[in-house]
Amino acid sequence: MIKAVFFDIDGTLRDFDTGRIPESAREAVAQARREGILCFAATGRHLLEIEEESLLEGVSLDGLVTLNGQYCLDGKGRVLYENPIPEDQVRQMLDFLEEKPLPCIFMEAEAMYINFVDDRVRQAQAGIGTAIPPIRDLQRGLGHPVYQMVPYGNACECEQILYRLPGCRGLRWHDGLAIDIISADGSKENGIRRILSRFGISREECAAVGDGYNDLSMIRWAGLGIAMGNGKPEVREAADYVTAAVTEDGIRQAMDYIRRFRSTRHPDG
């Protein structure tokens, strides 16, 4: 029986083109919560982006898995789990950027900043419809926990970075322009595991809904993995069920499927 659902934001709850959450999606989430299903967002985004850009406007949730599972909060904003990148890996990134200057965002718990801005940054950020963070010295990251690093570079450059960071892993979110770098043991799946343990919910009792590469781990791991119709081919292939696109009431259709899925399972199974 599904007791919790984790939704990606961009391309899942929120349409990339309009930057808005369809009303049918808001209603579907609200109805699920009225029925006793806990609903969470699971995103690579920073909390500041979510709040400042009103990415979840009109949607009430029971908690957030942010920064690809590195920083998780309950519905009241209390931290449930955090997993910063090891400081030696942050130092390795800084050494790399000294040798090969690339734009890079550092994300702390309550701040995000970039070393410099170029056309790659402008193009990638415009693609997700959010502002470019302020420019700061990345050396700050040696004195403050960093949960996610976002270098802007081509596939070869990002591969070079990851070779230098054995304690980290990279997650694609923009083809050819940028990746998210987090701890080697980090993922949306890991963040979801931590949230579920706090609520006493099992893997089999959760569903995950997403569209992008960084959603693969949670979709494969969840008891019920759902891909959006507009999702990447690898995501649709990995899912147990493919719903409609975000612009075609995909979230409502996904929740209807979950409702049917619940009704065919024993309450304890």
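A polar contact is a pair of N or O atoms within 3.5 Å; within protein, one atom must be able to donate a hydrogen and the other to accept it. The model on display is predicted, and the tour begins with a residue that makes such a contact.

**Stop 1: Asp 74**

Select Asp 74, which is found in strand 4. Display the side chain of Arg 78 as well: a polar contact of 2.7 Å joins it to the side chain of Asp 74. Is Asp 74 buried or exposed? Buried means under 20% relative accessible area; Asp 74 has 11% relative accessibility and therefore counts as buried. Leaving aside residues up to four places away in sequence, Asp 74 touches Asp 62, Gly 63 and Leu 80.

**Stop 2**

Now show the open sheet of eight strands, ordered 5-4-3-2-1-11-12-13 with mixed pairing. Its edge strands are strand 5 (79–82) and strand 13 (241–242), each of which pairs on one side only.

**Stop 3: strand 6 and its two partners**

Move to residues 104–107, strand 6. In a regular strand, side chains alternate between the two faces of the sheet. In strand 6, Cys 104 and Phe 106 point one way, while Ile 105 and Met 107 point the other way, and all are buried.

Select strand 7 (residues 112–114), which runs antiparallel to strand 6 and is joined to it by three bridges. The two strands form a hairpin with four residues between them, and Ile 105 stands opposite Ile 114. Then select strand 8: four bridges join it to strand 6, again in antiparallel fashion. Here the bridge partner of Cys 104 is Pro 151.

**Stop 4: helix 5**

Finally, select residues 155–164, helix 5, and colour its buried residues, Glu 157, Cys 158 and Ile 161. Viewed down the helix axis, these residues fall within an arc of 95°, so they line one face of helix 5. On the other side, Ala 155, Glu 159 and Tyr 163 are exposed.

Which elements do the buried residues of helix 5 pack against? They pack against helix 3 (87–99), helix 4 (119–128), strand 8 (148–151) and strand 10 (178–183). To finish, select Asn 154, which caps the N-terminal end of helix 5, with a side-chain oxygen 3.1 Å from the backbone nitrogen of Cys 156.

Key
Residues numbered from 1 in each chain as written. Predicted model: local features only at pLDDT ≥ 70, side-chain atom pairs only at ≥ 80, totals over all residues. Heavy atoms only, no water. Buried < 20%, exposed > 50% of the residue type's maximum accessible area, 1.4 Å probe, protein only. Arc of directions from axis to C-beta. Contact = heavy atoms within 4.5 Å. Pairing = 2+ DSSP bridges.
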